[in-house]
Amino acid sequence: GLHGVSTTVATACASSLDALGTAALYLEADRADVVLVGATEGGYVCDPGQDHFAPAVSAAEQSYGMRAGEVDPRRALLPFAADRVGIVSGEGSAFFVLETAEHAADRGARVRAWLRGVGSLADAYHPSSPEPEGRWEQEVMEQALRSAGIDPSAVDALYAHATGTPKGDEAEIRALNRLFGGTDVVVTGIKGHTGHTGAASGAMSIISGIRAMETGELPAIAGTTEPDPAIAFDVAVGERRRLRVDTFQVNSFGFGGQNASVVVARERGRP
């Protein structure tokens with residue numbers, strides 16, 4: 001029974017955050033009052049005797065430095081760890097009802113959170129690796145903060161992309177050091193819990209962030225015990241954090257330099 005605009009966004013790991021940004025544009029342009037928006041990732045299971053797609057994908061990921069062939073499951077995915085080795089693919093799905101304030105009020109909706117800011121841009125450096133200094137990852141985070149009308153100091157928690165790849169985490173750490181080093185923001189990530197759920201990972205991080213706002217507990221990065229010594233920000237490892245989260249930010253950095261970041265808050269803020 002849904003008959004509005006139907007759009008598929010395919011920007012690799014940034015897909016769900018870019019979909020939210022696209023949906024917000026529809027709302028702002030009065031092309032819709034309410035949008036069902038999110039992402040899904042799956043289809044990694046196959047019969048090698050019948051279908052060689054998944055083995056080919058795995059080989060490509062290893063050739064691009066995403067996988068290191070680690071056989072110990074305890075070391076399979078260690079986001080921001082000093083001895084990180086690569087990713088493990090996951091499957092998942094997450095969707096939201098995104099609507100105008102007026103539409104939500106008219107139907108008496110319980111507003112769980114507000115999408116305050118969005119950012120999206122091209123890194124355009126390499127087919128898989130980010131620009132080493134994280135220049136464009138920093139820029140997309142700043143873009144989302146400008147969109148929200150806030151400074152980095154207003155962010156309570158940040159869900160990093162944090163895939164556990166040597167090059168990917170290094171660039172994001174450098175970007176986060178410059179933007180959030182010396183602030184009170186607590187940085188975490190979900191991929192140690194879920195695996196790398198690709199297109200759905202950003203939306204799944206938002207759900208975790210909303211739960212953190214509601215419970216006052218921020219999950220720690222799973223698996224990682226010794227963070228990269230280059231980190232100059234507060235990274236949550238070990239036990240979950242008791243933390244009041246009023247505003248959080250989520251990063252998604254995809255293959256091909258498809259970078260996105262969003263800011264989500266408890267309160268609406270400026271119109």
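Modeller: Before we start, helices here are DSSP runs of H or I with at least four residues, and strands are runs of E with at least two, numbered from the N terminus. This is a predicted model, by the way. With those terms, A162 sits in the loop between β4 (157-159) and α5 (166-180).

Colleague: Okay, why is A162 called buried?

Modeller: Buried means under 20% relative accessible area. A162 has 1%, so it counts as buried.

Colleague: And what makes the phi of A162 worth a look?

Modeller: Most residues other than glycine have a negative phi. The phi of A162 is near 40°, which is positive, and the residue isn't glycine. A12, in the segment before α1, also has a positive phi, near 55°.

Colleague: Now T224. Why is T224 called buried?

Modeller: Its relative accessible area is 4%, and the cut-off is under 20%, so T224 is buried. You'll find T224 in the loop between β6 (217-218) and β7 (234-235).

Colleague: What makes the side chain of T224 and the backbone oxygen of P79 a polar contact?

Modeller: A pair of N or O atoms has to be within 3.5 Å, with one able to donate a hydrogen and the other to accept it. The backbone oxygen of P79 lies 2.7 Å from a polar atom in the T224 side chain. Leaving aside neighbours within four places in sequence, T224 also touches other residues, including L78, F80 and V237.

Colleague: How do you know that the span of α7 agrees with what a helix should give?

Modeller: The expected span is 1.5 Å times one less than the number of residues. For the 15 residues of α7 that gives 21 Å, and the end C-alpha atoms are 21 Å apart, so the two agree.

Colleague: What makes α7 mostly covered?

Modeller: Of its 15 residues, 11 are buried, among them M204, I206 and M213.

Colleague: Last one: which helix gives the most to the lining of the largest pocket?

Modeller: That's α1, with 6 residues. The lining has 39 residues, and L98, E99, A113, W114 and L115 lie nearest the pocket's centre. It divides into 22 nonpolar, 4 polar and 13 charged residues, around about 1,200 Å³ of space.

Conventions: Residues are numbered from 1 along each chain as its sequence is written. This is a predicted model: local features need pLDDT of at least 70, side-chain atom pairs count only at pLDDT 80 or more; totals for chains, interfaces and linings use all residues. Side-chain values use heavy atoms; hydrogens and water are left out. On a 1 Å grid over the protein atoms alone, a cavity is a set of points where a 1.4 Å probe fits but cannot get out, and a pocket is an open set with protein on both sides within 12 Å along at least five of seven lines; lining residues have an atom within 4 Å of a point. Grid points are joined across faces, edges and corners, and a volume is the space filled by probe spheres set on the points. Ala, Val, Leu, Ile, Met, Phe, Trp, Tyr, Cys and Pro count as nonpolar, Asp, Glu, Lys and Arg as charged, and the others, Gly among them, as polar. Buried means under 20% relative accessible area, exposed over 50%, partly exposed in between (1.4 Å probe, protein chains only). Contact means heavy atoms within 4.5 Å.
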